[in-house]
Structure formats: C-alpha cells, structure tokens
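This report describes a single protein model for a reader who is new to structural analysis. Please keep the sequence and the structure in view while reading.

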Amino acid sequence: MNPEFRRNLWLELTPRRAILMAVILALIFVAVALSGGKDYLPSSAAETLYYLIVVFWGSRNAALSVVGEIRDRTWDSQRLSSITPGAMTWGKLFGATIYNWFGGAICLALMFAYTLSHHGTAAAVIDLFYFLEIGVIAQAAAMLASLAAVNRGQKHSRFEIFLYQLAGLLAALAVFYVWQAADPEGMARLGAPLTDTIVWWGQPFPPRGFLLVSLALFTAWVLVGCYREMRTELKMPNGSLVWLGFLVFIGLYIAGFDAWLSQDSQMADWNPVALRLALAATTFCVLTYIMVLLEPKDRVQFRWLGSQVRGGHLARAFSGMQAFMLSYFATAICTVALIFWLNTLRSEAASDQALVGSALGFLTRDVGLFVLVQTWARRRSDFSTLAILLALYILIPAILDGLGIKQAMFVFYPQATTPLWLAPVVAWTEAAGVWILTVSRLAISDREPLGQAA
C-alpha cells in the first residue's frame, strides 16, 4: 500500500471517528424518516450531507493536505523521502480526505439504494458516477490551487487556505450547474432552460452521457495537474508536452460547441470554421491570463530560455517553456488563422479582422506587463499588474466615458475605429512598447547579480 496513504489512513480513519460518523449519520437518517414526511426523504438528506461532507469539508481537507504539513513543519522530511510524486499526490489527496469519503460512502449507499428502487439500475449507476466525480474534482481542484500557491512561495494564511477551498467549491458548483442542465427537475429548481440534447461538432448527443464523459475527462486532467504541481514541489522537471496535450484537448472540446455560438446575431454570418477558431482562440486567451497569473515569472528561467534560443537548442527551450507561453502561442496561431479565414468569408470582414487583431495585441501587451512588473519589483507580486489592468480596462475608460470622450476607448480595449487599421496599430504599438521595456529590463538583470536587481 502507498505509505503516504497508509499514514493518513491511520491518522484520519480511526475506529472511534469511524463509529462516530456512522452513528451520527444513522441518527440523522432516522430522524428525517420519522419527521420529514413526504417532502424530505432520507435520500434527500443523504444528498445534502454528501455535498457537505465530501465537497465542502473534503475540499478544505484536500487544500490542507500539503499546506498543513508545511505549517506543521513536517513537509521537508516528506519531500526528502523516497515516495514518488504520483504516490505522494494520490496519497495526500485521498488519504487526507479518507474520513470524508467514509461518510460520503454511507450517504452514497443510501442514495444508490433509493434511486435503484425508484428509477432503475441505469439511473442509479449514472448518479453514482456523478457524485463520485463531483467529489473528486472538488477536492482535486482545491489541492491543485494549494500546490500552485506552494510553488509560488505564498504564506498560507487562513484566508489563503479558504481561497484554495473556494477553488474546489467553484469547480463543484460549475459541475453541479452543468449536470442539472440535463435534469428537468433540477433546471426547474434553478430557473434555467432545459437542455434536451447537446450538439458537439455538429453531432447530437444525449446530455447525461455526454456530460458524464466530459466530467470524467476534466477530472482526469485536474488530477494530472495535481501530479505535475507535486513534481514541481519535489524539484522534478516538467516537460511541456502534457500542457500542450491539454491545450489540444480543451481547444477541440470547446470548439465543438460552435452551434451554440452561431445563435449570436453578431456572428450569424460566420461559418462553422470561423466560429470554432474563435472559440479555441478565446479559450486559449483565458488560459493565458490564468497561467500568467498563477505561474512564477522567474528571471533565471527567462535567462535560461534566452540562452537556449541563442544557442540554437530549440527543442530544449521548447521543453522548458511555461504554460502561459504555450497558451499565448496557441492563442496567436488560432487568432491569425481566424483573421485569414474571415477574409475568405466576405469582402466586408475587415471590421471583424481589425477587432480580432487588436484583441491579440492587447493580450500581448498584458502578458508583457505581468513579466515586466515581476522583473522590476523587489517584492514579487502580481497584484500590482492586476491593479494596472483594472485601471486600463475599467477605471480610465469609465472616467473617459463620464467625460464624454468615447472616441479614445480603442486605446484601452478592442473597439471599431475609423479608419479600421487604427485600433490594431495602437494595440500592437502598446504591446511593442511594453515588450521593449521588458526585454531591456531582462537584459539589465542579466548583467546584474540577482541580489542587486531592483
């Protein structure tokens, strides 16, 4: 047995705690059965308790699985052990939450028995897989957020631990809402429209089967992310092929929903290829912002990449590229392809091409800002960059709008201009200026000892 899992099993699932959990849950189910009436059954109570025990409480324990060891000063000895990153990952993830899964298993057994007797075997098995997946993805997302923070060297205050848990809860909430889209009763409760079928890459699929497979795939990717972050924490290198594979997967997955995007009146005359390129580019753009915010912007890493490129070792440089770099290049490739494809649709596509080109220019500028601020500041923090972006995208445009100067909005975000080429030229001029400062700063840092760099 995995030694880390066995250690957590001994610590978390003691006989006394197991008996306490079983007795408390049994008392709750009996109380509900005797006093709940027809409106609230023990199976409904089991579902509520499952979300509380496995999703809410379990995501917090998953967030503390490594952070708690760091706070207790026991993590360094574990890092020096011979446990592999894979064994450490699932030993921490499922070991730290084994008590939650014990309580969740009791709730699952009651829910499965009720669904089996009232709705049949197929419905019971589908619900079982859904509850398992939402529990795993909530806990894995919380652990992934905590590991990313560990690799950034954060302090792990109580508020930050809550944020790690919140990442898991938001992932679970997204899964819950999407899953309810295939359930008439669930959508009626949420007040959202029912999805009778899911059209993906032009083919209709039954909602529950499609969503179940999708959840399984995304759960697997979150677990892979935990494994890679654990490798980083254990000072083992991660190549770029896994992230590149994820980009291919998520690009193809999101691009398949072009039928929903075609309902937008502004894109009604776009063909499926253009819509799919737009969806993929938007997805990669969002990932670029997320990863450039989460990943460390280390001058030593940038120096090494530059030396590899200058030395002609392109394969080695590619393997050392960070996730935000790969995401940006994927965005650029899809955006350029979209610009060329729009030109084949109609002769009046210049306005759309200008907007797409300026959007890529602003993304290039923003990525440069993240790198520039990190290499310039003594205290490594991305909050300064976020404050600058808040001013550029919201505060200054709001002031200009209040003053009635709406013609200058294209300086801050993509907007149609006259002439059309003005918006992309301004966006790319800003991007070029930021990157000239960034490269100059990196060149100065390259000639300075790290301790003396500003």
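## Overall architecture

Helices (H or I, at least four residues) and strands (E, at least two) are DSSP runs, numbered from the N terminus. Helix α2, for example, covers residues 15-35 and includes Leu 20. In total, the protein has 19 helices and two strands.

The model is a predicted one, in which local features need pLDDT of at least 70 and side-chain atom pairs count only at pLDDT 80 or more, while totals for chains, interfaces and linings use all residues. Residues are numbered from 1 along each chain as its sequence is written, and side-chain values use heavy atoms, with hydrogens and water left out.

## Surface and burial

A residue is called buried under 20% relative accessible area, exposed over 50%, and partly exposed in between (1.4 Å probe, protein chains only). Of the 454 residues of the protein, 44% count as buried. The accessible surface (Shrake-Rupley method with a 1.4 Å probe; for residues, only the protein chains shown count as cover) comes to about 23200 Å², and 70% of this area belongs to carbon and sulfur atoms.

Contact means heavy atoms within 4.5 Å. Among contacts between residues at least 6 apart in sequence, 72% join residues at least 24 apart.

## The nonpolar cores

In soluble globular proteins, nonpolar side chains tend to be buried together. A nonpolar core is a set of buried Ala, Val, Leu, Ile, Met, Phe, Trp, Tyr and Cys residues joined through side-chain atoms within 4.5 Å. The largest such core has 53 residues, of which Tyr 50, Cys 107, Tyr 130, Met 143 and Met 230 touch the most other members. Two or more residues come from each of α2, α3 (42-71), α5 (85-96), α6 (98-119), α7 (121-152), α8 (158-180) and α10 (207-233). Helix α7 gives the most, with twelve residues.

Which residues does Tyr 130 contact, leaving aside its neighbours within four places in sequence? They are Tyr 51, Val 175, Phe 176, Trp 179, Leu 212 and Leu 215. A second, separate core of 35 residues includes Phe 246, Leu 326, Ala 330 and Phe 370.

## Aromatic pairs

Rings of Phe, Tyr and Trp (its six-membered ring) pair if their centres lie within 6.5 Å; planes under 30 degrees apart count as stacked, over 60 as edge-to-face and the rest as tilted. The structure holds 25 aromatic pairs. One of them joins Tyr 51 and Phe 176 edge-to-face, at 5.9 Å centre to centre and 90° between the planes. This pair links distant parts of the chain, since Tyr 51 is in helix α3 and Phe 176 in helix α8, 125 residues apart. Tyr 51 counts as buried because its relative accessibility is 18%, whereas Phe 176, at 22%, is partly exposed.

Another edge-to-face pair consists of Trp 57 and Tyr 99, with 5.8 Å centre to centre and 85° between the planes. Trp 57 lies in helix α3 and Tyr 99 in helix α6, so the pair ties together parts that are 42 residues apart in sequence. Trp 57 is partly exposed at 35% relative accessible area, and Tyr 99 is buried at 6%.

## A buried glutamine

Helix α14 (residues 299-310) contains Gln 308. Is Gln 308 buried or exposed? Gln 308 is buried, because its relative accessible area is 8%. Not counting residues up to four places away in sequence, Gln 308 touches His 313, Arg 316 and Ala 317.
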